[in-house]
Amino acid sequence: MLNIIQSVKLSIIHMKGVNIMEKRILGKTGESLSIVGFGGIIVAEVNQGDANNYVAEAIDAGVNYFDVAPTYFDAEDHLGPALVGKRNDIFLACKTENRSKKGSEELLHKSLKKLKTDHFDLYQLHAVTTLEEVEQIFSSDGAMETYLKAKKEGLINHIGFSAHSEEAALALMERYDFDSILFPINWVNIFNANFAPKVLQMARSKGMGILALKAMAKTDWAEGAVKKYSKAWYEPIEDEKLAKLAYRYTLSQGVTAAIPPGYIEFFRWAVEAAKDFKAITPDEENQLKSLANGIKPLFPQH
């Protein structure tokens with residue numbers, strides 16, 4: 001009887017046009033995240049009305065994973081007000097590039113204030129690239145001191161990091177039992193540079209939650225090219241069919257969720273690609289491999 005009632009409820013939901021988005025568990029945290037993440041940079045450099053509408057649209061689509069950072073222009077200023085009344089229904093992640101104890105603590109409290117919250121579900125070391133940064137983070141006056149203190153005080157629930165180099169990611173995972181990693185997991189990088197598999201393997205072995213960046217990235221902007229998307233430091237895929245296929249490829253690599261580029265149109269493509277999600281097939285993967293031929297990866301393997 002219960003199953004029949006549940007089936008009727010789901011049918012009613014679908015009839016109303018509401019999409020049920022798949023959710024996955026974030027590693028050992030037990031947190032359940034939508035497979036599509038909302039990058040806070042989407043609401044950067046837009047008016048507050050649009051920011052409110054974009055956040056409401058995301059939540060209506062079943063998205064509960066939101067990620068932002070102080071370096072995303074004025075994103076925090078817009079995301080905070082847009083989340084008023086919605087905070088308890090979402091998983092909110094933030095991060096900082098400051099590697100010192102004092103600097104990272106100041107930014108943590110500033111972000112909490114701007115986002116109108118008393119805690120972050122996930123706080124991350126942002127864009128770690130070099131081994132020198134890793135050493136600085138774990139020094140006696142490093143940012144890790146802030147993270148550990150904040151977790152004890154209940155200001156953050158989980159500690160993670162994002163990295164733009166395999167070297168830094170592997171070093172970080174050797175130094176601390178992080179809850180999650182946010183890393184570029186991209187078709188061109190994997191096919192043309194074998195960039196990411198080694199990091200993914202180690203993260204899985206540690207039971208970490210794996211969050212993906214750059215799923216819809218293509219390559220670097222060509223020298224002298226007009227950067228159509230000023231909030232993206234790379235050239236995103238502009239072909240909708242290919243972008244959705246590349247996004248599905250990333251979601252098929254054992255990740256919890258992926259964050260599309262920082263524009264609402266790419267976010268909408270990601271939501272569509274995630275509807276009734278199906279893992280990429282061998283034929284589709286071969287198609288992507290063929291299309292990747294000759295494209296320069298964003299992160300060449302050293």
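Predicted model: local features only at pLDDT ≥ 70, side-chain atom pairs only at ≥ 80, totals over all residues.
Good morning. I begin with a term: a residue is called buried when its relative accessible area is under 20%. By that cut-off R248, at 15% relative accessibility, counts as buried.

Opposite charges on side chains can pair when the charged atoms come close. In this model the count comes to 14 salt bridges.

Let me stay with R248. Its side chain meets that of E284 in a salt bridge, at 3.0 Å from N to O. E284 belongs to helix α12 (residues 282–292) and R248 to helix α10 (residues 240–251), so this pair ties together parts 36 residues apart in sequence. Salt bridges with shared partners also join E240, K244 and E272 into one network.

I turn next to K95 and D67. These two residues form a salt bridge whose closest N and O atoms are 2.2 Å apart. The pair links distant parts of the chain, with K95 in strand β5 (residues 91–96) and D67 in strand β4 (residues 65–67), 28 residues apart.

My last pair is D179 and K151, a salt bridge in which the closest N and O atoms are 3.9 Å apart. Here D179 sits in the loop between α7 (166–175) and β8 (180–184), while K151 sits in helix α6 (residues 143–152); the two are 28 residues apart, and the pair links distant parts of the chain. K151 counts as partly exposed, at 35% relative accessibility.

Thank you for your attention.

Methods
Residues numbered from 1 in each chain as written. Heavy atoms only, no water. Salt bridge = Lys/Arg side-chain N within 4 Å of Asp/Glu carboxyl O. Helix = DSSP H or I, 4+ residues; strand = E, 2+ residues; numbered from the N terminus. Buried < 20%, exposed > 50% of the residue type's maximum accessible area, 1.4 Å probe, protein only.
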